[in-house]
Amino acid sequence: MRRCLPLVLILAGSLTAASQSSAAGSSSDSVSTFKVDVRLVPVHVVVRDAQGRAVGNLRKENFQVFDQSKPQVITQFSAEHASGQGTNTPAQAGEIPAATVPQARFTAYLFDDLHLERNDLVQAREAADRQLTALSAATERAAIFTTSGQKWIDFTSDHVKLHDTLIHLEPRGRPVASNCPNMSYYMADLIANRGDEDALEVATSDALACGFDGNKKLFKAARQMASSVAREKSEIGRVETGTSLAKLKALVQVMSKAPGQRIVIVVSPGFFIGESPAQVEIMDLAVRGEVTVSALDPRGLISATDVTRSGNGFNPQQMAYKSMSDFEEQAVLEELADGTGGVFFHNNNDVNEGFRRVAARPEYSYVLAFSPQDVKFDGRFHKLKVTVNSGSKVTVQARKGYYAPKQKP
């Protein structure tokens with residue numbers, strides 16, 4: 001977090017300056033905020049029809065929120081339109097007027113250079129560069145940051161400066177001493193921190209093949225190798241993921257002070273976080289600060305037949321762990337996007353289209369909040385479900401849960 005601080009201070013200064021420079025053009029604009037209450041849970045919701053279009057004619061009574069399967073009372077409600085025109089219905093008790101979105105637009109690109117491989121990072125930076133050529137100097141500002149903190153540029157409309165920063169982005173992940181056996185942070189965590197014997201057995205089999213020519217007499221040495229690599233990979237993964245989340249959290253905090261539309265685009269293959277409230281804390285900060293978080297995985301289509309091979313050929317068990325790892329890592333990005341009204345673009349080779357989608361806000365969205373009733377304040381993760389009664393078939397995009405604060409004795 002200390003590595004993030006100088007950059008955050010500079011970012012805060014740049015946003016302040018940008019805010020002042022745009023004050024004349026947006027002095028009549030206002031942004032609604034929810035009352036500060038640690039037990040008030042904000043939920044950003046996007047509702048789409050069967051054609052994928054955002055639905056904008058809903059009222060508070062169309063929504064129902066369930067906390068641990070128990071229905072809750074929506075105490076605050078607002079509707080938003082991306083063009084800046086309010087879509088609120090006549091005010092009712094407990095409702096907040098619809099937010100008027102100023103014309104100024106701030107977009108922060110956070111490149112996850114700690115987890116991206118070089119080919120994917122190069123493809124992403126080239127696509128982002130093309131996206132930024134359309135930046136409007138009159139109303140838009142963009143910034144580029146990295147999870148490593150190695151390269152960055154604060155908010156500007158100067159495409160030349162943005163381009164110069166993009167072309168110098170490179171992977172900064174810390175290499176492991178050995179890639180034999182090859183394992184993800186997810187698998188390493190299972191072995192090193194959870195004592196998963198099944199995962200260790202699969203890793204041992206892989207180590208035996210890649211490090212000992214499949215000689216079963218050396219099984220014990222292969223098991224020791226697998227355990228050692230798991231401990232190393234687990235520690236590296238813990239540090240790199242913690243750094244990435246700290247950078248994203250600091251960025252969301254500072255972005256909430258910007259005038260106008262505020263979007264953070266995370267360019268990443270995803271990362272495994274295990275059981276941590278950090279992701280939910282970021283969602284809370286983003287919703288309260290009206291910051292949209294979108295994410296893009298530049299790896300493109302990940303085929304279901306993409307197999308992991310060891311020295312002895314196809315290893316279906318290793319492939320199964322790889323699939324589970326991909327699912328866990330991408331789930332973080334998907335939930336951040338769903339919970340803040342953003343878009344998660346993945347499993348698609350058209351990265352140019354991906355950047356176009358993640359940079360766009362949904363035309364209509366809603367923010368509602370509730371104070372948990374008839375549930376325990378136990379510090380644990382609470383599952384949330386939002387349903388919509390609109391008279392037609394719709395899909396609902398909203399956060400999946402939150403960590404309840406602990407009840408003080």
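**Figure 1. Lysine 322 and aspartate 326 within helix α8.** Because lysine 322 and aspartate 326 stand four residues apart in helix α8 (residues 316-340), about one helical turn separates them; helices here are DSSP runs of H or I with at least four residues, and strands are runs of E with at least two, numbered from the N terminus. Lysine 322 forms a salt bridge with aspartate 326, with 3.2 Å between the closest N and O atoms, a salt bridge being a side-chain nitrogen of Lys or Arg within 4 Å of a carboxyl oxygen of Asp or Glu. This is a predicted model, in which local features need pLDDT of at least 70 and side-chain atom pairs count only at pLDDT 80 or more, while totals for chains, interfaces and linings use all residues. Residues are numbered from 1 along each chain as its sequence is written, and side-chain values use heavy atoms, with hydrogens and water left out. Aspartate 326 counts as buried at 13% relative accessibility, whereas lysine 322 is partly exposed at 30% (buried means under 20% relative accessible area, exposed over 50%, and partly exposed in between, with a 1.4 Å probe and protein chains only). Both residues belong to a network of salt bridges that links Asp297, Arg299, Lys322 and Asp326.

**Figure 2. The salt bridge between arginine 118 and glutamate 170.** The side chains of these two residues, arginine 118 and glutamate 170, meet at 2.9 Å, N to O. Arginine 118 lies in helix α2 (residues 118-132) and glutamate 170 in the loop between α3 (159-166) and α4 (185-192), so the pair ties together parts that are 52 residues apart in sequence. Arginine 118 is partly exposed at 44% relative accessibility, and glutamate 170 is partly exposed at 24%.

**Figure 3. The salt bridge between glutamate 281 and lysine 249.** The closest N and O atoms of glutamate 281 and lysine 249 are 3.3 Å apart. Since glutamate 281 lies in helix α7 (residues 278-288) and lysine 249 in helix α6 (residues 219-255), their pairing ties together parts that are 32 residues apart in sequence. Glutamate 281 is partly exposed at 36%, as is lysine 249 at 29%. The structure holds 18 salt bridges.

**Figure 4. The lining of the largest cavity.** The largest cavity has a volume of about 70 Å³, where a cavity is a set of points on a 1 Å grid over the protein atoms alone at which a 1.4 Å probe fits but cannot get out, and lining residues have an atom within 4 Å of a point. Among the residues that line this cavity are His44, Glu80, Arg361 and Val367.

Terms used. 1 Å grid on protein atoms, 1.4 Å probe; cavity = no way out; pocket = protein on both sides within 12 Å on 5 of 7 lines; lining within 4 Å. Points joined across faces, edges and corners; volume = space filled by probe spheres on them.
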